[in-house]
Amino acid sequence: MLSPSAQKVQNALNQFGVTLHVVELPASTRTAVEAAAAVGCTVGQIAKSLIFKSQSGKAVLVIASGPNRVNEKQIGERLGEPIGKADADFVRAQTGFVIGGVPPVGHANPLETFVDEDLLQYEVIWAAAGTPNAVFELTPDVLVKIAPGHVISVK
Ligand code: 5CA
């Protein structure tokens, strides 16, 4: 049995017609480093779903490889308006999930999305699945399919 938030992500994944399985782990997957340790992959293979807020109040999703620090200036230029960090309440309202569990799909509102090109080098990657203990494994090509957006260098 998945917790309700993890099940919400599983349901969203099911709608894409791909076979992906959310797993809930005893260990924390709240951060990229913890998630990598919990599943036994490199931090680079963790797809972090980061929420930013644009100047006009739009939510922007950047799916970044674990170690990469997002270059907000560059994303802002690409978007056409500056972006900054979002606070926890904004993340919760826009995605329906808490920080540390924000998944790449299944959000409350559709989000303009940028995908880190560094994720494409891996055979498999892992993403958060709704809670700070839930993740799922996928391939980069499936990520780009289910979370369509601009594939760019984010760092
Ligand atoms: N489950 C893991 C691996 S996928 C995960 O969600 N990692 S994460 O990096 O995507 O989520 C944590 C991110 O949330 C941090 O990198 C940071 O950008 C953001 N964050 C953490 N604390 C806060 C906060 N108080 N306010 C806004 N954003 C925060």
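Tutor: Let us start with exposure: a residue is called buried when its relative accessible area is under 20%, exposed when it is over 50%, and partly exposed in between, with a 1.4 Å probe and protein chains only. This is a predicted model, in which local features need pLDDT of at least 70 and side-chain atom pairs count only at pLDDT 80 or more, while totals for chains, interfaces and linings use all residues. Residues are numbered from 1 along each chain as its sequence is written, and side-chain values use heavy atoms, with hydrogens and water left out.

A salt bridge is counted here when a side-chain nitrogen of Lys or Arg lies within 4 Å of a carboxyl oxygen of Asp or Glu, and by this rule there are 4 salt bridges. Among them is the one between the side chains of Lys58 and Glu112, with 3.2 Å from N to O. This pair links distant parts of the chain, since Lys58 is in the loop between strand 2 (46–54) and strand 3, whereas Glu112 is in strand 5 (residues 112–116), 54 residues apart. Strands (E, at least two residues) and helices (H or I, at least four) are DSSP runs, numbered from the N terminus. Lys58 counts as partly exposed because its relative accessible area is 36%, and Glu112 is likewise partly exposed, at 29%.

Another salt bridge joins the side chains of Lys85 and Glu72, at 2.9 Å from N to O. Here too distant parts of the chain are linked, with Lys85 in strand 4 (residues 83–85) and Glu72 in helix 3 (residues 72–79), 13 residues apart. Lys85 is exposed because its relative accessibility is 62%, whereas Glu72, at 22%, is partly exposed.

Helix 3 also holds both partners of a further pair, Lys73 and Glu77, which are 4 residues apart, about one turn of the helix. Their closest N and O atoms are 3.4 Å apart, and they form a salt bridge. Lys73 is exposed, with a relative accessible area of 64%, and Glu77 is exposed as well, at 55%.

For contrast, turn to Ser65, which lies in strand 3 (residues 59–65). Ser65 is buried because its relative accessible area is 3%. Leaving aside residues up to four places away in sequence, Ser65 touches Gly44, Ile46, Lys48, Asp116, Asp118, Leu119 and Tyr122, where a contact means heavy atoms within 4.5 Å.
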